[in-house]
Amino acid sequence: MRIAIIGGGLAGLTAAAYLSNHGDTSGTVFERSPQLGGRAFTYEKSGFTLNYGAHAVYGIDRHTLQTMEDELELKFQSKQVDKRKVVYAKHGQLTPAPLDFVNVMKTQVLSPLEKMRFVAEIAAVIGNIHQLKQHRTLGDYLEQSTASADVKELWEHLVCSNFFITPEDARRVPGDVIAEYYHNLFLSSRPVSYILGSWSTITHQLTQKIGMNPEWNIATKEPVESIEMQDGRFILNTKARQQLEFDQVVFAMPVQQIHKVLENSAWSGAMAPYQDNTATEVLVYDVGLSKIVARPFHYISDMDRKIFVSDVSATDYTAAPLHGQLLQGIAYLNDDFKEELEKKEYLEQKTKQMESLFDTYYPGWRDCVEVKRVSKKAMVASVKNVNGNKLLPNRMEGLPFYFCGDGCVGKGELAERAFSSGRTIAQMLLEQTSDTKALAY
C-alpha cells in the first residue's frame, strides 16, 4: 500500500513512523515548509533553544508519548516542573498554585472552607463522578453551581491555563472534555513536565524512524496543490511534481488548510461544517538572557491579566547556554475584534503587560537580553475546543481520506491529540493492509 501523508507536523510524522515501521507500506510525507515539526518547530539561536509555543507536556505518565516511546522505541528524557515553585499572582499578591493537596492547603486564592469544597470537587473528578461532565459547557456548570465566586474563578483559571484560552472561552469548553482532561491530570504523578531538548528531540527521532525504511521518503518545501481520483487511485499534484499516484491519502494538517486543498475538488462540500472552526492563538514572548537575573519560582500565572511566564531553563537545562536563562511568556487572546486597528492596539497592550510582568519579577532582564522573539498570534491548536467548533473525525462519511492532527478527534488535548490521532489512523491503515493480504490468500 502506497500512502501519501500531507503535513509533516507531530501528527503526520507520528503516522508515518508507525506506518514505515511495517514492511507492507511505502509512501511520502509532504511538508510545505523547509523544516519538519509544524507548530512544534524548534530552532537554536545564540545557544538558546526556541519553540513556537510551550513544549510542556501535561500528565506525561498517562500520555500517548509514553505508549509511543515503547512501541516506536523512542528515547527521550523529561523533567517535572517543581510544583512548589509554581505560583499564582492575584491582586499583586503571590501564592502557591493549587496543583496538589499540599499546595491547596497553602494557597491564598481560596478560604479554608473553599479549600475543602475544592478538594471535594477534585475527588469527584478523580472518581469520574463530578457533575461537570453532565453539563454542556463549563459556563453552564458554574451557573448552576453553589460554589463561591473564588472557586468558580479558580475553575475558569485552571481551564484558561491548560487550554490556553481566555475566561470567556473557558466557559465555552464542553463539560465532558474538561472532566476527562482533569480526570487524567489529577491522577497523574507528573502533572507538568518538559521534554529535555524540546519537541525537536521527538521530531528528529520520528524522522529517523521513517528514514530507516527505504520505501518511505519526506519531501519538504513541497506543498500538495490538488488531489483527484482516477481508477480507484489518488493522483496528487505538487508545486514540483505532477501525477503522483497513491492508494491512500492522510491529511495531517489544520482543517483550514485541508479546505484550501480540497476547495476545487469533488469533495469540497464535505468540509463545509468545519471550515469556520476557530483556532487557539496566543501571544508568545521569548527572551534569552545572558545570565540568570532571578529565579524566585519556575512558573507564575497572573490571574488578573491572564498571562503567565515560564522559566523554561529552570526545568529544561538544555534550553539555554551555561549560566543563561530562557523565559517564555504567554498571553491568552480574545479573537472577537471588529477592526484590525482594535486588534493591533490590544496586542500591543498585551505585549506591554508581559514586559511589565518581566520587570516585576525578573528585574534587570532588559540589560541581559541575548535573544528576543515576540509572536503576536502563535497558533496553539488549530481547532479551539469550545462549544460551536467541531473536531474533525479520523474518517468522514463521503470522503475517502484519513485525518489526524490536533484539530481531529483523539485522546487528550493540544499536542497529545496530534500524537494520538496520528497513531490511530496508522493503526486503521495497517489493519486495512492486513485485511487486504488475507483476502489475497
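The predictor's confidence in each residue is called pLDDT and runs from 0 to 100. The structure described here is a predicted model, in which local features need pLDDT of at least 70 and side-chain atom pairs count only at pLDDT 80 or more, while totals for chains, interfaces and linings use all residues. Residues are numbered from 1 along each chain as its sequence is written, and side-chain values use heavy atoms, with hydrogens and water left out.

For the protein chain, the mean pLDDT is 92, and 98% of the residues reach 70 or more. Helices (H or I, at least four residues) and strands (E, at least two) are DSSP runs numbered from the N terminus. Confidence is highest in strand S1 (residues 2-6), with a mean of 98, and lowest in helix H13 (residues 415-440), with a mean of 83. Contact in general means heavy atoms within 4.5 Å. Leaving aside neighbours within four places in sequence, arginine 423 is in contact with Thr14, Tyr18, Thr64, Thr67 and Glu71.

Next come the strands, where two strands pair if DSSP finds at least two bridges between them. The partner of S20 is strand S14 (residues 248-251), joined in the parallel sense over two bridges, and valine 250 has tyrosine 402 as its bridge partner in S20.

Strand S16 (residues 299-302) pairs with strand S7 (residues 86-90) in the parallel sense over four bridges, with tyrosine 88 opposite serine 301. S16 also pairs with strand S17 (residues 307-311), this time in the antiparallel sense over four bridges, and isoleucine 300 stands opposite valine 309. S16 and S17 form a hairpin with four residues between them, and lysine 306 in the turn has a positive phi of about 55 degrees. In a regular strand the side chains alternate between the two faces of the sheet. Both faces of S16 are covered, as Tyr299 and Ser301 on one side and Ile300 and Asp302 on the other are all buried. Buried means under 20% relative accessible area, exposed over 50%, and partly exposed in between (1.4 Å probe, protein chains only).

Proline 96 belongs to strand S8 (residues 93-96) and is partly exposed, with a relative accessible area of 25%. Not counting residues up to four places away in sequence, proline 96 touches Val86, Val87, Asn103, Lys106 and Thr107. The C-alpha atoms of proline 96 and glutamine 80 are separated by 17 Å.
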